Amino acid sequence: MQIVPLADTSLAVHTRGSGIPLLLLHGFPLDHTMWSGQEPLAESLRLIVPDQRGFGGSRDALPESVEQLADDAVALLDGLHVSEPAVVCGLSMGGYVAQQIAVRHPHRVRGLVLVDTKLEADTPAGRAGRADLAAKVARLGQAVAAEAMIPNLLASSDAARGRPRRAEIEALLRRTILATPVPTIVAALAALGARPDMTDAMRGVTAPTLLVVGAEDILTPPECLERAERLMPDARLLIVPAAGHMAPLEEPETFNAALLEFLRETVGRSRVAMG
Ligand code: MLT
């Protein structure tokens, strides 16, 4: 783990491998450990896996907006002296941040991977739900968030429940949520609720884009990324069977193979040789 200073805070980041940079942006309220199934990608790519502002080992400041988190990620690339465009991959909240990077800093993006996420802003009911959860977490602690969220994060079919790593995945999610500071959860819920609708902006994103969603994702169901596929100029969609809102963690082999194939097609076989 490395600590990289930014203008007003610092970020903890885990890096491995060499080659084309792949920035992996975690979901809410998680940290870099949700990408543990992507470690084999370090055989082919340079993995850059931060804890975003407020989360994991990056606790000096609170998240204020998805735009701020996007600017943090670009400042982090600068801090790591990554000058070539990166493949920017984000899950859910990380996907909101990845979209902001694609729009605010297009020259830093070689390819975009949006996972279990959506382009649309929250509905009024969604915002009210976030305010309610924030008030409960502020009063009662992180366990409320863990109990409310974990059942919705993973696929619930028999095939998914019978997966050998199921208990391990649930334990990882619970451990991470319980370790996330209460002020971070409260601040991030406000930032997520205030995020803009990206539907129009994403029509103009020309970077090759891979959209990935678990067939059983109930938080951002496949229809969300089906809509994105129709409106983005260069997007392809993968729906992962027996996966929920955490497709890369639930089905890492399928996710990793799809990501490498996408990069071989868009970036070139010679630069993404192994995997
Ligand atoms: C996430 O997984 O990052 C969250 O579900 C995002 C959200 O609450 O919109």
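## Largest pocket

The largest pocket of this predicted model has a lining of 26 residues, and those nearest its centre are Tyr 96, Arg 130, Met 149, Leu 219 and His 245. Two or more lining residues come from each of α2 (93–104), α3 (124–140), α4 (142–153) and α7 (182–193). Helices (H or I, at least four residues) and strands (E, at least two) are DSSP runs, numbered from the N terminus. A pocket here is an open set of points on a 1 Å grid over the protein atoms alone, with protein on both sides within 12 Å along at least five of seven lines, whereas a cavity is a set of points where a 1.4 Å probe fits but cannot get out; lining residues have an atom within 4 Å of a point.

The volume of the largest pocket is about 540 Å³; a volume is the space filled by probe spheres set on the points, which are joined across faces, edges and corners. By class, its lining comprises 14 nonpolar, eight polar and four charged residues. Ala, Val, Leu, Ile, Met, Phe, Trp, Tyr, Cys and Pro count as nonpolar, Asp, Glu, Lys and Arg as charged, and the others, Gly among them, as polar.

## Ligand site

The ligand sits in the largest pocket, a term that requires more than half of its atoms to lie within 2 Å of the grid points. Around the ligand are Gly 27, Phe 28, Ser 92, Met 93, Tyr 96, Arg 130 and His 245, each with a heavy atom within 4 Å of it. This shell divides into three nonpolar, three polar and one charged residues.

Polar contacts are pairs of N or O atoms within 3.5 Å; within protein, one atom must be able to donate a hydrogen and the other to accept it, and residues adjacent in sequence count only if both atoms are side-chain atoms. A polar backbone atom of Phe 28 is 2.7 Å from a ligand oxygen atom. From the side chains, a polar atom of Arg 130 lies 2.7 Å from an oxygen atom of the ligand, and an N or O atom of His 245 is 2.9 Å from a ligand oxygen. The protein buries 90% of the 270 Å² that the ligand exposes when taken alone, with accessible areas from the Shrake-Rupley method with a 1.4 Å probe; for residues, only the protein chains shown count as cover.

## Backbone features beside the ligand

Phe 28 is joined to Pro 29 by a cis peptide bond, with omega about -10°; Pro 29 belongs to the loop between β3 (21–25) and β4. Ser 92, in the loop between β5 (86–91) and α2, has a positive phi near 55° although it is not a glycine. Most residues other than glycine have a negative phi, and most peptide bonds are trans.

At least two lining residues come from each of β2 (10–16) and β4 (46–50), and β2 gives the largest share, three residues. The classes are four nonpolar, six polar and two charged residues.

One cavity of 30 Å³ or more is present. The largest cavity, of about 30 Å³, is lined by Leu 11, Leu 25, Pro 50, Gln 52, Arg 53, Leu 69, Asp 72 and Ala 73. Helix α1 (residues 66–79) contributes the largest share of this lining, three residues. Five of the lining residues are nonpolar, one is polar and two are charged.

## Basis of the values

Residues are numbered from 1 along each chain as its sequence is written, and side-chain values use heavy atoms, with hydrogens and water left out. In this predicted model, local features need pLDDT of at least 70 and side-chain atom pairs count only at pLDDT 80 or more, while totals for chains, interfaces and linings use all residues.
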